[in-house]
Each structure stands twice: as structure tokens, then as C-alpha cells.
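Open the structure in your viewer and keep the sequence panel beside it. The tour below says what to select at each stop and what is there.

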Amino acid sequence: MSNTSVSTTDHQQPVVVIGAGPVGLAAAAHLVERGAEPLVLEAGQSAATAVREWAHVRLFSPWAEVTDPAAEKLLASTGWVRPDGTTYPTGGDWVERYLQPLADVLGDQVRYGVTVTGVARAGRDRIVDSGREEQPFTVHIETADGGEERITARAVIDASGTWSVPGPMGANGIPALGEKSASDRITYRVPYLKDPAVRARYAGKRTAVVGSGASAFTALALLADLAGEEADTHAVWILRRGIGDATYGGGEADQLPARGALGLRARAAVEQGHASAVTGFRTEAVERDGDRLVLVAEDGRRLDAVDEVVVLTGFRPDLSFLSELRLGLDERLQAPTALAPLIDPNVHSCGTVYPHGVKELSHPEQGVYLAGMKSYGRAPTFLAMTGYEQVRSVTAALAGDHEAAERVELTLPETGVCGGAGLFDEPDAARSGEGGGCCAAPATLQIGIGAPAASGGC
């Protein structure tokens, strides 16, 4: 007997939202507010699976900047009260005190343990023009027990993020030779050194940290702390470029003290001898040297052997299950064509990306939208409040309220407010500007708000 079913609906087809993370759940809340029927599909067994993987990270965006207005209204009916808006949650706090309660309020409008394997127009592959726009979408899913289903939807909002596809060590965007076979010694996340097993993996060891963003800063700072407690612990910071004025961020001049402090801690790790920097090193191969690894650059340089490698080189979107849709994506960033110029990391930073909505997120295939971090493709910054504005605009358009869809409802301050990849368990430091994280964080979902500025980086 086949473990396959087909479910169809009438004109009251739901809007399928892929991913029960912060932006996906916000999209569902806005749809409910608009009187539409959302169906959120989440691969994990609970809400915000990715955020749970960095539950130990404390954001330096406060509660006031990480909750969505429509979601707050939905939660208020249960007696929920937002935590003190001036305090800083960890990822775990965010899940337990906001994201999971929001998913619980949505009830059976959220399905867990389902993986989206394909999205298409009903009866039309991407080649066929005839009658295409009149057809609903079919969303193909696989359930945890291996079953398959096909769900009919009138629109699709993909807020599945990029967490599952971290960037490789190879400088050309492809895994370095030997990188896959050395996976037992490589991680693509900031290590949680308060876990005894993880701590043992790095204590007294020589660890290469590949990357130049806030997650790399965080890893260097944490390994430096460990070096102060465990002899022979050392980090080797691998930079594809040289060290310049902007390498460590804005430092004391940063308009976000927590962000600047993170860069200063990375600088201190180097200056105090807990980490050494290797510049202009573009990794081409990883070779085994007994139980250790040797990194080899494109120019032939070979580093002294290391015990572990922490690769923090960004994320990229998984577009494989959208291959039958006609998406308009920038050839470099893999972000929507109209959005890409606004988020190009060669030009913009956390503080220079302004709010945007349905106009910038539309594709040749009408009725499908990438939202949240996935909409940013390979760009290294994502702003959660901007993501909330995205889905407010998109859901307004789906409801036929084009005036609201085109209106900007997010008022931004004069500088970016980023989060993620923060130092751990330091709420007081985050408030005072001595801890925190930043938006260019390959290890976490980045959160916060931003506004135009002359220059700057995250």
C-alpha cells in the first residue's frame, strides 16, 4: 500500500509558509490578522529549530526589537506580555518566551516534522506558459515517517532561512579538497564552550578559525577566554584578505557599542597572543597529518598543523526545492533581483539597508515570495524587524490591500541594530556595550533594524 496522499482544497486554499522561525511565524500572524488561512510547514519537531541550535547565544538586540506587532496582538489574547523591552534575550529565551508560544497560538496551522521537497504550479513545470498564472501551487512534502503528500496553496512564502547551508572553507565557494573527509575535525558553528564535551574538544588544542565576520570575532574571543584557563590553547585566525582599519569593525567608534566591543575582543585575542592571524590565505586543500589537519592555500602556503577547524564563512540559500518556479534572482547574491542592489555587501551594511516589501520581493512567478534571511541570499546581513516588515507588506498584497503593501510602516533609527553571534551569558555586558554580537554572523540568525548611513560594516 502506498504511503502517499494528495490533499486538495477549494477556493479557500491556504497560503503555505515554509519555516516556523521568527519571520515565518510573523507571516502566519499577519495572515491571520488579514483573515487568511496560513499553513506553516516546519521540518523540525518544534518551532524555531534553527534558533534552538544557538540557544546559548545572547542577542544584543533587546526584546523591543525582536517581536512582531501582529504576533504580539495574537499572543495578547492568551494573556502573554512581552518581556522587558530593554533587556536582551538569548536564543533560548526568544524561543521559550515568544516563538514557541506564538506557534502554540497558531495551533494546527503549524505542522511539524514535514520537509518541503518541491514547489510548482499545479500541472505546469517551469517551461509551460499556458494557463500558468491561473493554476494554484502544489507543495510537495515528506513526513517524518517517510510518507509523501501534496498540498495545494494559493501562494507560498518561503521563510526557511539559510541556516542549513553554511559556507565552505574553500575560498572559491566550493569545499576545499579534503574538507569533506576531514569533517570530524571541522565545525561550521561557533562552539559552545560551556558544554564540557565541546570544551574538551578545544581545550589545550590549536584551532583554526576561518572567517572575518562577527561569528569569527565571537569564536576568537571565546577561544581566548579558554586559553586563559587552559594551557596550550591557541587560535589561528585565517583571513582571506589582509588586516586593515576595518578588520575589527568600528571598535570604540562603533555606533553600536556591543558590536564594537566584540571586534575589540577579537583584536585583544590577537594582541595578547591567544590567537595569531594569517592573512591573504585562501584555502584550497585540507590534508591529514596523523590526527591533525594542515591547511593549504591557493598560493601553496602550508600552515602548521591544527587540531580543529571552525569555519564561519557565511550562509547560502537552499533553492533546490524551488527549481520548478520562475524566480528572478541576482546572479551574485541569489537574492530577488530588485532587492539585491539594496543589500549588496560590497556597498551596504546593517546600517544602510532600508525597509522594503512586496515590490522588491516579487518574482516573475506571481504569488511566491522569499522572505526573511532567505530573501537575502548570500548577503551576510539580515535584519529581523526588516523581515517583519517584509511579511507585513507581502501579506497585505495577498489580501488585496495594495496601499498597505506599498506603504513603509517601519521607522528606523540612524544606525543599524544587529544581533546574533553574541558573546554568551553576558546580559549586563550587552547593555553596557561590553558584549553582544553582530549581524554579519554566519553562526546565527541575525536580527535587528537598520537605516541609511554613509558607511559602515557589521
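Select Gly400 to begin: this glycine follows helix H10, and its phi is positive, near 85°. Keep in mind during the tour that this is a predicted model.

Now step back and select residues 384-398, which make up helix H10. The helix has 15 residues and runs 21 Å from its first C-alpha to its last, close to the 21 Å expected at 1.5 Å a residue.

Next, turn to pairs of charged side chains. How many salt bridges does a search of the whole structure find? The search finds 21, and a few of them are the next stops.

Select Arg132 and Glu365. Their side chains meet in a salt bridge, 2.9 Å from N to O. The pair links distant parts of the chain, 233 residues apart. Arg132 lies in the loop between strand E5 (114-121) and strand E6 (137-143), while Glu365 lies in the loop between helix H9 (358-361) and strand E16 (368-370). Are these two residues buried or exposed? Both Arg132 and Glu365 are buried.

Select Arg82 and Glu72 next. They form a salt bridge whose closest N and O atoms are 3.3 Å apart. Glu72 sits in helix H3 (69-76), and Arg82 is ten residues away, in the loop between H3 and helix H4 (91-106). Arg82 is partly exposed, with a relative accessible area of 34%; Glu72 is also partly exposed, at 23%.

Move on to Asp299 and Arg301. In this salt bridge the closest N and O atoms are 3.0 Å apart. Asp299 counts as exposed because its relative accessible area is 51%, and the cut-off for exposed is over 50%. Arg301, at 32%, is partly exposed.

Then select Glu389, Arg392, Glu403, Arg407 and Glu409 together. Salt bridges that share partners join these residues into one network.

Finally, select the whole chain and colour it by secondary structure. The chain has twelve helices and 16 strands. Of its 458 residues, 57% count as buried. Among contacts between residues at least 6 apart in sequence, 72% join residues at least 24 apart.

Key
Residues are numbered from 1 along each chain as its sequence is written. This is a predicted model: local features need pLDDT of at least 70, side-chain atom pairs count only at pLDDT 80 or more; totals for chains, interfaces and linings use all residues. Side-chain values use heavy atoms; hydrogens and water are left out. Helices (H or I, at least four residues) and strands (E, at least two) are DSSP runs, numbered from the N terminus. The expected span of a helix is 1.5 Å times one less than its number of residues. A salt bridge is a side-chain nitrogen of Lys or Arg within 4 Å of a carboxyl oxygen of Asp or Glu. Buried means under 20% relative accessible area, exposed over 50%, partly exposed in between (1.4 Å probe, protein chains only). Contact means heavy atoms within 4.5 Å.
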